[in-house]
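Here's a quick briefing to read with the model open beside you. Take it topic by topic, and find each piece on screen as you go.

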Amino acid sequence: MSDYKHPHQDAEFVLNELVGFDDLCAANGFDDINFELASAILTEAGKLGSEVLAPLNVIGDNQGVKLTEQGVEETAGFKEAYQQFAEGGWSSLIADEEYEGQGLPNVLCTAVNEIWQSANMAFALCPLLTQGAVEAIAHHGSEELKQTYLPKMVSGEWTGTMNLTEPDAGTDLAAIKTRAIPNGDHYLITGQKIFITWGDHQMTDNTIHLVLARLPDAPAGVKGISLFVVPKFLLDAEGNPGVRNDVKCVSVEHKLGIHASPTCVMSYGDKEGAIGYLVGEANKGLAYMFTMMNCARQGVGLQGVAIAERSYQQALDYAKERLQGTNKDGSRFAIIKFPDVRRMLMQMKSATEAMRALAFVGAAEVDRAGRAQDEADQRRHQARLELLTPIVKGWITELSQEITYLGTQVNGGMGFIEETGSAQHYRDARILTIYEGTTGIQALDLVGRKTLLNKGEALAELLAEIEETVVALSKHEGFAEQGAALREALEAGNTARSWLLENAAKDPAAAGAVSVHFMMLFGYLCGGWLMGQSALRAQTLLDAGEGDPEYLKAKLVTAQFFSEHLLPRTKASLETIQKGSASIMALSEDQF
Amino acid sequence: MKVLVAVKRVIDYNVKVRVKPDNSDVDLANVKMALNPFCEIAVEEAVRLKESGAASEVVVVSIGPKACQEQIRTALALGADRGIQIETEELPESLSVAKLLAKVVEAEQPGLVILGKQSIDADNNQTGQMLGALLNRPQGTFASEVKIDGDSVNVTREVDGGLQTLNLKLPAIVTTDLRLNEPRYAKLPDIMKAKRKPLDVKTPADLGVDLKNHTRLLKVSAPAERQAGIRVASVDELIDKLKNEAKVL
């Protein structure tokens, strides 16, 4: 088992120096919100995370959840922790003040969410899913639906779920079969949904399911899917949970990780049909889901940052304690003195910091795109948000696999044994490249919708901005090498972009074949870009005699390490991209 | 009844303390600071008194540079109603703190003053007692239970032999021990509201107190690093070493 402490210094550095938190708030109408308040919020959230949620993490892993006659029973202790979380108002962070939310910026919400996800990822999925359900109803539901459900979901009194997947409809949601039959002022829903995170539990009085289903007269395919609100308990005249709706969890999955997060098979309409209420207009369900996709996918990217941080803290503690070296005088020393252990720790540290930087910078684009006054500004931020989202989700969650792998490696044999807690982080991380669109889907999104569709324009703008950092680094005596390394990576990005634009038209398999390498290349490039900026900011602060010199000097070295050890991966990716699809597509299926 | 709580900004208990290279003091530059844990317990107790109806208002006071407003805001987020900062760049010693607090007590006329029994930085454990003496009010130190009983307060104290319960006539001074309560976590809406709660800034001059130091800090040094242990071959060798090397027998 391992402790967790929120890395407030790094979170605050990113918010201040890379995001420009105060400017963001001032420019986007977040009156009264400033960095000082953000810092107070992070401090208090950090306490709750490390003292209440983090100790339950290993218990949840060991005990998991149980399906009983009464439904899913969560891990002992989770209900009390959830009550504390909800009573503390933490579920209301981002929601509009109209529904009793606090209306705080998405980037601050992201910084706070990192705490919950690091402390206890299985637990934190529940409020994360609720937040998604709240957004769906808030953006697309009728006034009546909003008034009925939102205040109690925002307060955390009720939780929410997202029901998309069916046995035959995973990535391909066009294949959804769940049916919705009009019946007076509501609909009767019948069908089975799988992989429903926190689909059932006893932590709250009610659970509000958002369900994708088809109307009887719906057109085939993606254009015939509608979105419904289906409460676990129907509301009585006073709006309180009353009669049980015809929906239940019929099975929970046994999984590699996140054991405490119940992954439910939900059965709708075993009897007369589950009562559901249409959200927005008929047949627009999938479009509604897409409007929430950026936030949902970035949310999973953030989980990658969070699990990497937790794994790093555990590995670091172990490396400082584990005595496996002997000095000349016979005394022993800890393994952190060994160069290769330090190489692993530096890799974990520098990657995690770069990932955090990208996750926060991406999250800030949600605020800027959502609140920009000027139309051109809005378009620019929306394009950047959409471009960064698959990189945040795809690159960060892929890299989090390597980080948690290294965490276990630092522990040696003890890492393979469950008691140290390292193995849990490694197992928990594994879902991240899969749900909310696999790595392959993120990469396709990046090369297709986000690059080819706009003829590479959004990427060109990003590359131009990275060039500014290259120039700034190169001008600075101390950062000449980092500047040169970033320039090479930038050139790799430019070449990859041109290659894609040119070859996608010639070879129909090209884009898909190179997509993951393409996404990883841009992930490392963005990481190098933000670590380069971090180094420049850290040096400026040091020169001005501001900030904690120990932290800032460590940031300089961490940025240098990233530039030397991780950034060169862009060149390998480029080389592979330029080979195209030939060896990928050549074999016949029988030859595999 | 009004309750006044004194709080201090101290180095966060999670932070590893560094001594300045010239041994002149502890290095506090850019170090994470927090509300002194004993003061947090004092705030919690005051807020509980208010929630139970025994108190009507909780006023929190801190002495220090502008940054100590952060700790006042923390206390306001935990449920205090308003704050007072006595602004000074100096680090006043306990007697000066007690004198400043005495002036605040004269102005505010609280029924009860709650302080932490000590701050985790200086560990003096004397401000509450000095305040009691200056105000000529009864004091209950190291409280592990505080119960208001009409115009008096019962304070259960942790003493060497066990527990001692005193009945103090109000107005009184109480200092908190670790086991008095378990402070709550601040709620997000309360952190937001704390920004808008009133916070008055005064100076020692406003209160007519001249800060004088009667003690001088000569030197701060880090504890000596622990030496590695050795294994002795026999009990005799151990006794010999304790006698002749360690000279403790």
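**Chain A at a glance**

In chain A, buried residues account for 53% of the 592 residues. Keep in mind that this is a predicted model.

**Overall build of chain A**

- If you count up the secondary structure of chain A, you get 20 helices and 14 strands.
- Chain A has a radius of gyration of 24 Å, close to the 25 Å that the globule rule gives for 592 residues, so it is as compact as a globular protein of that length.
- Take the contacts in chain A between residues at least 6 apart in sequence: 76% of them join residues at least 24 apart.

**Domains of chain A**

- Chain A splits into domain 1 (8-154), domain 2 (159-284), domain 3 (292-437) and domain 4 (439-583).
- The C-alpha centres of domain 1 and domain 2 of chain A are 23 Å apart.
- Where these two domains of chain A touch, domain 1 brings 31 residues and domain 2 brings 29 residues.
- Which helix gives the largest share of the domain 1 side in chain A? That's α6(A), with 13 residues.
- Sorted by class, that domain 1 side of chain A holds 18 nonpolar, 9 polar and 4 charged residues.
- UniProt, in an unreviewed entry, puts "domain: Acyl-CoA oxidase/dehydrogenase middle" on residues 162-267 of chain A.
- That stretch, residues 162-267 of chain A, is 0% helix and 47% strand, with its end C-alpha atoms 14 Å apart.

- Strand β5 (residues 186-197) of chain A pairs with strand β4 (residues 179-183) of chain A in the antiparallel sense, over 5 bridges.
- One bridge to look for here links R179(A) with T190(A), which sits in β5(A).
- The hairpin of β4(A) and β5(A) has 2 residues between the strands, and G184(A) takes a positive phi near 70° there.
- β5(A) also runs antiparallel to strand β11 (residues 263-268) of chain A, with 5 bridges joining them.
- For Q192(A), the bridge partner in β11(A) is S267(A).
- Strand β12 (residues 274-278) of chain A is antiparallel to β5(A) too, joined by 3 bridges.
- There, A274(A) in β12(A) stands opposite I189(A).

- You'll find E353(A) in helix α10 (residues 339-371) of chain A.
- Why does E353(A) count as buried? Because it has 28 C-beta neighbours inside 10 Å, and 20 or more is the cut-off for being buried.
- Leaving out residues up to four places away in sequence, E353(A) touches D10(A) and T558(A).
- S118(A) is 235 residues from E353(A) along the chain, and their C-alpha atoms are separated by 14 Å.

**Chain B and its contact with chain A**

- In the contact between the chains, 18 residues come from chain A and 12 residues from chain B.
- On the chain B side, helix α5 (residues 188-194) of chain B gives the most, with 4 residues.
- The side of chain B that touches chain A is made of 7 nonpolar, 2 polar and 3 charged residues.
- For residues 23-211 of chain B, UniProt lists "domain: Electron transfer flavoprotein alpha/beta-subunit N-terminal" (unreviewed entry).
- Over residues 23-211, chain B is 30% helix and 31% strand, and the end C-alpha atoms are 24 Å apart.

Note on methods: Residues numbered from 1 in each chain as written. Chains lettered and ligands numbered in written order. Predicted model: local features only at pLDDT ≥ 70, side-chain atom pairs only at ≥ 80, totals over all residues. Contact = placed C-beta atoms within 7 Å. Nonpolar A, V, L, I, M, F, W, Y, C, P; charged D, E, K, R; others polar. UniProt positions renumbered as here; feature names shortened; annotations may be inferred. Domains from an automatic or database assignment. Buried ≥ 20, exposed ≤ 12 C-beta atoms within 10 Å, placed from the backbone. Rg over C-alpha atoms; globule rule 2.2 N^0.38 Å. Pairing = 2+ DSSP bridges.
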